[in-house]
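Here are my notes from going through this one, as promised. Have the viewer open while you read.

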Amino acid sequence: MSPKTLAFKCALVTGGGGGIGLAMSKHLISLGKSVRMVGRTEKTLTQAAKELGNNTAYYVLDPGNISAIPEFCKKVIKEHPEVDCLINNAAVQKPLDINNFDLQSADQEIDINIRGPMHLTIGFLEHLKSKEAATIINISSLLG
């Protein structure tokens, strides 16, 4: 990431409770950034917040639950108006068996990997436009 990309102060990281999201959150904190994590599992987020320390706030949200995103965005903006970076990192990738295709599972994967980040971006866009160094970073699976 270029220095200009890292000009933000507070990142909201989806999929922040583990894997790439947790590693990225650790790195951002090491650079002096604040992090607000988002994930589907509270137990995972609680453990990650303890690991990160620094009173890291977290929110439980399934980014595949598209109807929950508008209220989620309003809540985060109200509680953490300092957020000036959205990192859409949450993603899933399931094995594809065309002979035993699970359409519901495929729809869920598309919601989490594509529709969720799109709705989150739109939900935060006006807020981010008001920030001096607003940044949106998208990370996803191969499907995304």
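The points below cover salt bridges, strand pairing, a surface patch and one leucine.

1. A word on the source before anything else: this is a predicted model, so please read every value below as computed from predicted coordinates.

2. The salt-bridge count comes to five. I'll go through three, among them the pair in helix α3, which spans residues 69-79. There, the side chains of K74 and E71 meet at 3.5 Å, N to O.

3. Next, look at helix α4, residues 103-129. R115 and D111 form a salt bridge here, with an N to O distance of 3.0 Å. How accessible are R115 and D111? R115 counts as partly exposed, at 34% relative accessibility, whereas D111 is buried at 18%. Note that D111 goes into the buried class because the cut-off is under 20%.

4. On to strand β4, residues 85-88. Which way do its side chains point? C85 and I87 go to one side, L86 and N88 to the other, and all of them are buried.

5. What does β4 pair with? One partner is strand β1 (residues 10-14), parallel, over three bridges; A11 stands opposite C85 of β4. Another is strand β5 (residues 135-138), also parallel, over four bridges. In that pairing, L86 has I136 of β5 as its bridge partner. To get from β4 to β5 the chain passes through α4, and this β-α-β crossover is right-handed.

6. Please also have a look at the surface around L96, I98, F101 and L103. These residues form a nonpolar patch, with about 470 Å² of accessible area together. L103 belongs to helix α4 and is exposed, at 54% relative accessible area. That value matters for the patch because its members need over 30% relative accessible area.

7. Finally, L45, which lies in helix α2 (residues 42-52). Is this leucine buried or exposed? L45 is buried, with a relative accessible area of 0%. Setting aside neighbours within four places in sequence, L45 is in contact with G17, with M37, V38 and G39, and with Y58, Y59 and V60. For a sense of distance, F8 is 37 residues away from L45 along the chain, and their C-alpha atoms are separated by 23 Å.

Methods: Residues are numbered from 1 along each chain as its sequence is written. This is a predicted model: local features need pLDDT of at least 70, side-chain atom pairs count only at pLDDT 80 or more; totals for chains, interfaces and linings use all residues. Side-chain values use heavy atoms; hydrogens and water are left out. A salt bridge is a side-chain nitrogen of Lys or Arg within 4 Å of a carboxyl oxygen of Asp or Glu. Helices (H or I, at least four residues) and strands (E, at least two) are DSSP runs, numbered from the N terminus. Buried means under 20% relative accessible area, exposed over 50%, partly exposed in between (1.4 Å probe, protein chains only). Two strands pair if DSSP finds at least two bridges between them. A crossover is right-handed if, with the strands pointing away from the viewer, the path from the first strand over the helix to the second runs clockwise. Patches are made of residues with over 30% relative accessible area and no salt bridge: like charges are joined within 9 Å, nonpolar side chains (Val, Leu, Ile, Met, Phe, Trp, Tyr) within 5 Å. Accessible areas come from the Shrake-Rupley method with a 1.4 Å probe; for residues, only the protein chains shown count as cover. Contact means heavy atoms within 4.5 Å.
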